[in-house]
Amino acid sequence: MYPYSTFSSVKRITPQTLLLNILISIILLSIYSPSWSNTETSEFVLDQSNSGESIGKFTSYYLSPQQQKDINDIITLPEEVWQHSNQSVPSFSLVSGDIWLRLKISNQEHQRTKKILHLDYALLDYVEVFYSYGKSLDYSDHYRTGSIYPYSTRPIGDAAFAFPIHLGPSQDITIYLRLQNDGFIQAPITLWDEVAFYESRLMSQSLLFAFIGILTALGIYNIFLYLSVNEKTYLLFAVLAVSTSALVSISSGISIQYLGLDLKTWNEKWMTVCLGIMTMSGAMLPIVALRLKYTLKPYYYICSTITALGAWIIFSAFVLDHSTRIGAAFAITSIAIVLINILSIHLWVKKVPGVRLFTISWGLFLFGGGIMILNRLNLIPRNDSTEYLLVYTSLTGLFLLSFSLANRINSAKQEQERAQSTSLKLMEKFYNLFQNSLEGIFTITTKGELLEANPALCKMLGYKDIDELRTSVKSDQLFSGHDLKNIMKQIRDEGEVRSYEIKGRRTDGTTFWAAVYLRTDRFNANGSEVFSGALLDITNSKESQLKLEYLADHDPLTGLYNRRKFLSSLADAIKNYQNKQVDSSVIYIDLDQFKVVNDTCGHTAGDKLLQDLTAAMSDLIPLGSCLTRLGGDEFAIILSGYDEQASYQFAENIRQTISDFQFAWGELIFSLGASIGIITINDDCGSVEYVHSLADTACFAAKDQGRNSIHIYDHNRGEAQALKSEMHRVSEINHALENDNFVLHQQLIVPTKTASYSGYYEILVRMTNQANEIIPPGLFLPAAERYNLMPAIDRWVVEHYCLWLAQNPEHMEELNRASINLSAASLNDASTISFITNCFYENNIPPNKICFEVTESSAIINMDKTLPLLRRLRDEGFNLALDDFGSGFASYGYLKNLPFNVLKIDGCFIRDISNSHVDKTMVKSMNEVAKALGMTTVAEFVENDTILNIISDIGVEFSQGYGIAKPMPLDSLMNESIDL
């Protein structure tokens with residue numbers, strides 16, 4: 001009984017302690033081996049006590065060159081060429097040629113004796129023994145045997161080589177042994193009494209048989225384990241055990257003695273094959289048992305390489321000579337065992353569970369194999385310990401390895417059982433999810449045949465349960481043929497389907513939208529694929545999406561396509577012409593007199609009119625064409641396949657339909673007209689913007705013709721050049737805005753009675769080009785108005801005039817009033833007022849010193865929008881002037897509702913006032929009405945003194961024109977004197 005502490009110390013063994021114990025054992029074996037004697041004795045003397053004694057140290061040896069020498073050559077060799085062996089077991093590494101051993105035995109007994117000379121190395125290819133008794137030179141008494149000869153030629157049946165010796169009383173004998181072998185050569189020579197020899201061989205072979213039997217039984221047992229549990233580790237262990245057993249059988253000669261395998265070549269090949277199999281199975285064991293592929297990738301690659309080298313060892317058995325392949329095989333096997341030991345020690349240090357016995361078993365393999373290799377390389381002597389240590393350690397290691405694998409596999413089985421238990425719980429959980437999921441979950445075949453479905457899918461499709469669903473839904477009804485084809489293509493290309501949208505129909509006829517999710521699940525019994533998927537009802541979100549998509553391309557009031565759709569359709573029409581020469585035309589429509597309905601009856605009536613009119617127009621639109629509402633009362637039609645003549649006839653039908661259309665609102669009945677421009681797409685139409693501009697130009701031309709008319713844009717009349725010039729001017733305007741290439745001018749407004757400077761003037765804007773030349777307003781303002789650039793110009797004027805006033809405070813003090821023009825586009829922009837007030841307040845400019853001029857047409861056409869803005873300006877303290885009064889809608893009724901305090905009479909009435917009584921009368925009338933409303937009057941286009949005197953007599957208070965002062969740069973106001 002050992003104390004508890006002893007067992008505790010065993011449990012705490014470390015890899016470092018194990019390696020140290022192995023090293024100490026090797027050193028002790030080397031130190032205490034009796035075979036390292038330096039005794040040099042020429043002959044062995046027989047007595048009654050020596051039986052089974054090693055006599056190798058009494059031998060001398062001679063290495064013969066490759067050319068063979070016979071016994072007659074050997075006995076005549078001089079004594080000095082013979083070398084005495086100091087080893088109990090003479091050992092030689094790989095040599096070519098013959099090795100001759102000489103042994104002298106002297107019988108000092110006075111009786112006849114029979115001995116057996118045993119050469120215990122079964123792998124020798126050729127052994128020849130010559131006997132010479134006394135001083136006789138007759139060597140006819142000899143034996144020839146070896147692994148190349150049949151087993152029956154051996155003088156004494158043995159797994160190795162045994163030879164009888166008969167000596168008379170006091171007789172001497174000299175024995176010569178010729179040895180040949182492709183590999184290592186060892187000569188463990190012992191001399192035995194006959195009875196003792198057979199007893200000893202029986203004992204040693206019994207041990208070998210036990211070892212071989214145990215290994216074979218282990219292998220067979222593990223094969224049965226593999227067949228029962230299908231665990232590869234058992235199969236690899238069985239291969240390792242059986243190949244080790246076979247290797248020991250061949251190397252010890254057992255296979256030759258008992259199995260009758262006399263073929264030298266095949267024995268050597270099978271020995272190499274066994275080494276290769278041992279290397280492969282030994283390297284694959286850690287891969288499978290320790291799951292290196294998933295845990296330690298570097299060691300996985302190392303063991304995989306060793307496995308490949310083991311396969312190479314097997315292959316080399318049939319292509320290389322024995323000495324080369326056996327040396328390479330031992331080297332590779334040794335390296336494999338060393339690397340596996342390093343791996344196992346590393347895992348032990350990492351405290352991997354169950355690896356301790358694995359490490360110890362491979363350590364024993366390494367220890368025993370190392371001793372055997374050192375023995376064969378003649379680095380340590382051969383004796384019973386070193387010769388059979390590999391057998392003992394291999395057997396012990398395999399037992400421990402078997403226990404280790406059994407423990408690991410049991411642990412894996414327990415883990416698998418726990419995993420199965422967890423999987424069952426998860427399956428139950430997932431089944432509940434499957435049954436209660438809000439998504440429709442299903443499995444189908446590649447043909448769309450429904451295999452499984454949950455209650456949510458049944459409900460989505462309108463069925464009571466899965467049975468009714470299966471019987472009602474055929475293989476091609478869950479998905480349409482087109483959808484099924486697309487779904488299968490996507491799953492082949494991408495491996496799964498994510499959010500493929502389908503439109504389905506329930507049993508009650510209602511439709512729904514669903515998103516399909518699908519992936520490969522498994523293969524069924526006949527080998528075809530089965531797909532698992534889900535249907536997610538997206539009806540609400542899809543309807544919202546479709547509604548948004550509809551609104552993105554449609555006008556919400558009329559249901560027609562909108563500007564966005566018009567531009568994309570126009571781009572398609574241009575591409576079709578460029579690629580396929582398909583004729584197309586653009587018809588641009590602007591309703592005449594539509595604003596009268598809005599102003600008279602309000603926007604509700606205007607909206608109703610547009611809905612009714614567009615319904616009538618839609619009936620005329622041919623298939624494949626596009627009717628769009630661009631905004632307000634502007635429409636456009638893209639005609640596909642229409643040339644210029646056909647387009648004109650179609651436009652005439654549209655114009656006539658609009659002219660014939662009558663709209664009734666209450667007791668009022670309204671009729672409309674339409675100005676229509678036509679542009680046919682040709683090779684010059686390279687962009688959407690360009691074609692759109694041409695159509696707009698044609699529509700303006702139709703208005704200039706007197707409205708309610710049609711104008712066809714002529715590509716050959718220079719209209720394109722005019723448009724290009726205008727587009728160039730737009731580019732110049734944008735450049736001027738970005739680089740401050742505008743300048744401010746002023747034109748004085750003076751009291752009519754005195755015609756002297758009074759601190760009252762109008763701010764004018766001019767643009768400069770790259771040469772710093774002044775561009776008159778008539779050359780750039782029309783383009784700015786047409787392309788909606790006037791708000792930006794107006795803001796530039798306001799901002800820079802405020803800065804100029806802030807930089808000239810003396811002038812601001814003497815300023816009475818400065819007029820600044822505001823365009824109709826600025827009045828339609830709600831942010832204009834905030835911008836203006838911020839500019840003047842930030843620069844501390846009193847609002848009453850500023851008068852904003854608005855043309856009559858700008859104020860009246862969009863009165864519902866402009867009137868609130870104008871009133872806000874008056875409320876902020878700014879003055880307002882109605883410019884060009886009388887030139888447009890000229891209605892005194894407007895003046896009562898508009899918040900203007902200055903009336904500027906249009907120059908068309910002033911220019912010829914000296915020659916026209918009518919003009920004079922109208923100016924007088926305008927002046928009187930303005931006075932009655934408390935408004936100040938200003939006469940424009942005062943060109944000479946005659947006109948000045950006439951309007952002075954009428955009573956107009958202020959005058960402006962070239963007869964008073966020409967426009968000058970704003971800085972001219974800083975001169976000490978201002979010339980009029």
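Visitor: What makes β22 and β23 partners, and in which sense do they run?
Guide: Two strands count as paired if DSSP finds at least two bridges between them. Strand β22 (residues 662-665) and strand β23 (residues 668-671) are joined by 4 bridges and run antiparallel, so they pass that test. Within that pairing, Trp 665 sits opposite Leu 668 of β23. The two strands make a hairpin with 2 residues between them, and Gly 666 in the turn has a positive phi of about 70°.

Visitor: Where do the names and numbers come from?
Guide: Helices (H or I, at least four residues) and strands (E, at least two) are DSSP runs, numbered from the N terminus. This is a predicted model, where local features need pLDDT of at least 70 and side-chain atom pairs count only at pLDDT 80 or more, while totals for chains, interfaces and linings use all residues. Residues are numbered from 1 along each chain as its sequence is written, and side-chain values use heavy atoms, with hydrogens and water left out.

Visitor: How do you know how far to trust the chain, and what is its mean pLDDT?
Guide: pLDDT is the predictor's confidence in each residue, from 0 to 100. The chain averages 78, and 81% of its residues reach 70 or more. Residues 1-41 are another matter: pLDDT stays under 50 there, and the model has 34 contacts for them beyond four places in sequence. A contact means heavy atoms within 4.5 Å. Where pLDDT is low, the predicted coordinates should not be read in detail.

Visitor: What span is expected for α20, and what does the helix reach?
Guide: The expected span is 1.5 Å times one less than the number of residues. Helix α20 (residues 644-660) has 17 residues and reaches 24 Å from first C-alpha to last, close to the expected 24 Å.

Visitor: Which residues of α20 are buried?
Guide: Buried means under 20% relative accessible area, exposed over 50%, and partly exposed in between (1.4 Å probe, protein chains only). In α20 the buried ones are Ser 647, Phe 650, Ala 651, Ile 654, Arg 655 and Ile 658. They cover an arc of only 140° around the axis, which puts them on the same side of α20; that arc is taken from the directions from the helix axis to the C-beta atoms. Gln 645 and Asp 660 are exposed on the other side. Elements covering the buried residues include α19 (603-618) and β21 (634-640).

Visitor: Why is β3 called largely enclosed?
Guide: 4 of the 5 residues of strand β3 (residues 60-64) are buried, so the rest of the structure largely encloses it. Strand β3 is joined to β6 (residues 98-107) by 5 antiparallel bridges, with Tyr 62 opposite Trp 100. It also has 2 antiparallel bridges to β4 (residues 83-84), where Ser 60 partners His 84.

Visitor: What makes β2 and β10 edge strands?
Guide: The open sheet has 4 strands in the order β2-β13-β7-β10, with antiparallel pairing. β2 (53-54) and β10 (161-167) each have a single partner strand, so one side of each lacks a neighbour in the sheet. Helix α4 (residues 194-229) packs on the sheet, touching β7 (113-119), β10 and β13, and its direction makes about 115° with that of β13. Axes here are lines fitted to C-alpha atoms, for helices over the stretch in contact, and angles run from 0 to 180 degrees between N-to-C directions.

Visitor: Is Asp 47 buried, exposed or partly exposed?
Guide: Asp 47 has a relative accessible area of 34%, which makes it partly exposed. It lies in the loop between β1 (44-46) and β2, and touches Glu 109 and Lys 115, leaving aside residues up to four places away in sequence.
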